[in-house]
Amino acid sequence: EPLLTLQDVLLARTALRNCLHTYVDQLRLNRVRFFGIRNIESSKIAGVIGLRTEPDEADEPGEWMLIDVRGVENRPAPQWDALAAWLATVGGCSNG
């Protein structure tokens with residue numbers, strides 16, 4: 001699910017005990033986007049997928065690139081390695 005507001009990001013940051021709050025300025029500038037990954041059984045947030053973009057000459061978002069796929073306390077989850085690799089091949093996203 002997309003984390004659309006500052007409150008969404010801060011709630012995810014608290015639940016995951018990670019560094020999402022360091023992206024607040026970039027979020028406001030539409031330079032990053034985050035998507036929460038929920039545990040099917042508990043519906044608790046279990047991780048985050050992050051994307052970033054660099055603006056073009058007209059200050060419009062450019063190509064979106066995968067930042068990371070992380071779980072609690074910024075730990076990578078082994079089962080997400082395949083997801084991260086797949087996302088890097090879809091829709092022009094790149095892992096960078």
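**Close-up views of the predicted model**

View 1. V32 has R52, in β3, as its bridge partner. Seven bridges join β2 and β3, and they run in the antiparallel sense. The open sheet is built from four strands, ordered β1-β2-β3-β4, with antiparallel pairing. Its edge strands, β1 (2–3) and β4, each pair on one side only.

**View 2. The largest nonpolar core.** Ten residues make up this core: L3, V9, A12, L16, L20, L27, V32, F34, I45 and V48. Two or more of its residues come from each of α1 (6–16), β2 (32–38) and β3. The element that gives the most is α1, with three residues. A second, separate core has six residues, among them I37, I49, L51 and L66.

**View 3. Surroundings of F34.** Leaving aside residues up to four places away in sequence, F34 touches E1, P2, L3, V9, L20, Y23, V48, I49 and G50.

**View 4. The largest pocket.** The volume of this pocket is about 160 Å³. At least two lining residues are supplied by each of β3 (45–52) and β4 (65–70). Sorted by class, the lining holds seven nonpolar, three polar and two charged residues.

Definitions and conventions: Residues are numbered from 1 along each chain as its sequence is written. This is a predicted model: local features need pLDDT of at least 70, side-chain atom pairs count only at pLDDT 80 or more; totals for chains, interfaces and linings use all residues. Side-chain values use heavy atoms; hydrogens and water are left out. On a 1 Å grid over the protein atoms alone, a cavity is a set of points where a 1.4 Å probe fits but cannot get out, and a pocket is an open set with protein on both sides within 12 Å along at least five of seven lines; lining residues have an atom within 4 Å of a point. Grid points are joined across faces, edges and corners, and a volume is the space filled by probe spheres set on the points. Ala, Val, Leu, Ile, Met, Phe, Trp, Tyr, Cys and Pro count as nonpolar, Asp, Glu, Lys and Arg as charged, and the others, Gly among them, as polar. A nonpolar core is a set of buried Ala, Val, Leu, Ile, Met, Phe, Trp, Tyr and Cys residues joined through side-chain atoms within 4.5 Å. Buried means under 20% relative accessible area, exposed over 50%, partly exposed in between (1.4 Å probe, protein chains only). Contact means heavy atoms within 4.5 Å. Two strands pair if DSSP finds at least two bridges between them.
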